[in-house]
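I opened the model and kept notes as I went.

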Amino acid sequence: YAAANGFLDGLMQWRRARGLVGQSVAWGLWDVTGGMAGELTRSDVARMSRGGVTGLSAAEGTALLGAAREMPDALMMAARWDWQAWDSAATVPQLLRGLVRDGSPRNHRGRGPATVDARRRLNRLSRSEALSAVSDEIRGEVASVLGFGSVVDVPVGLAFREMGFDSLTAVELRNRLGVLFGVRLSATVVFDYPSVGA
């Protein structure tokens with residue numbers, strides 16, 4: 001889908017540059033049970049919601065299509081966003097930074113007091129206590145990303161892939177852990193260290 005949509009975006013810009021008609025609309029999530037949205041799991045929808053994406057009703061989508069037809073732009077986005085989702089998120093999506101105040105997150109936790117307090121708390125613990133505390137924090141983030149009921153549902157030794165992680169949820173976990181611990185982690189951290197224990 002990404003490659004095909006990218007091609008269509010480029011084609012519409014090419015056509016408009018030559019005075020021809022054409023328009024490409026990047027649609028957000030629709031609140032329907034069929035089509036592409038019909039293949040989403042509850043976990044997928046929860047992940048998107050944490051990222052600020054909410055579903056368009058059929059009436060909203062139809063209204064946005066009508067509005068798009070009146071716009072002179074070759075490219076546009078039609079989506080529904082929960083702006084409050086970024087009150088506790090580490091970053092606002094790059095695409096939306098121009099729409100959110102000064103382009104920065106409202107409550108950046110990355111190197112703020114919460115992270116400093118967490119580091120101080122960990123530094124006061126013995127090595128085994130610190131490893132246990134870090135493990136519990138990671139399990140909590142895994143539970144949130146995968147939509148598990150609680151931390152106890154996250155086994156320490158089970159591989160992330162066996163729990164249901166894919167590339168999108170792996171990146172989300174990496175981002176959440178980076179914010180939680182105030183560190184920069186590689187994009188492949190979930191695959192390099194494939195379980196909570198690792």
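**Salt bridges**

I counted four salt bridges, taking a side-chain nitrogen of Lys or Arg within 4 Å of a carboxyl oxygen of Asp or Glu as the rule. This is a predicted model, in which local features need pLDDT of at least 70 and side-chain atom pairs count only at pLDDT 80 or more, while totals for chains, interfaces and linings use all residues. Numbering runs from 1 along each chain as its sequence is written, and side-chain values use heavy atoms, with hydrogens and water left out.

I looked at R176 and E141 next. Their closest N and O atoms are 2.6 Å apart. R176 sits in helix 7 and E141 in helix 5, so the pair ties together parts 35 residues apart in sequence. Helices here are DSSP runs of H or I with at least four residues, strands are E runs of at least two, and both are numbered from the N terminus. E141 is buried at 13% relative accessibility; R176 is partly exposed at 24%. Buried means under 20% relative accessible area, exposed over 50%, and partly exposed in between (1.4 Å probe, protein chains only). E172 joins E141 and R176 in a network of salt bridges.

I then checked D136 and R139. They form a salt bridge with the closest N and O atoms 3.8 Å apart. Both lie in helix 5, three residues apart, about one turn of the helix. R139 is buried at 15%, whereas D136 is partly exposed at 41%.

R80 pairs with E60 at 3.2 Å, N to O. R80 is in strand 4 (residues 80–81) and E60 in helix 3 (residues 58–69), so this bridge ties together parts 20 residues apart in sequence. R80 is partly exposed at 38%. E60 is partly exposed too, at 29%.

**Core**

Which residues touch the most other members of the largest nonpolar core? I found V142, F160, M163, F165 and L173, out of 17 residues. Such a core is a set of buried Ala, Val, Leu, Ile, Met, Phe, Trp, Tyr and Cys residues joined through side-chain atoms within 4.5 Å. Helix 5 (127–146), helix 6 (160–163), helix 7 (167–181) and helix 8 (189–192) each supply at least two of its residues. Leaving out residues up to four places away in sequence, M163 touches V142, L146, F148, V154, P155 and L158. Contact means heavy atoms within 4.5 Å.

I moved to A78, in strand 3 (residues 75–78). A78 is buried, with a relative accessible area of 6%. Beyond residues up to four places away, its contacts are V25, A26, W27, G28, L56 and L64. W27 lies in strand 1 (residues 24–27) and is partly exposed at 34%. W27, L64 and L65 make a nonpolar surface patch of about 240 Å². For this kind of patch, nonpolar side chains (Val, Leu, Ile, Met, Phe, Trp, Tyr) are joined within 5 Å, each residue having over 30% relative accessible area and no salt bridge. Areas come from the Shrake-Rupley method with a 1.4 Å probe; for residues, only the protein chains shown count as cover.

**Confidence**

I checked pLDDT, the predictor's confidence in each residue from 0 to 100. The chain mean is 81, and 84% of residues reach 70 or more. Over residues 103–112 the pLDDT is below 50, though this stretch has 24 contacts in the model beyond near neighbours in sequence. Where pLDDT is low, predicted coordinates should not be read in detail.

How values were computed: Patches are made of residues with over 30% relative accessible area and no salt bridge: like charges are joined within 9 Å, nonpolar side chains (Val, Leu, Ile, Met, Phe, Trp, Tyr) within 5 Å.
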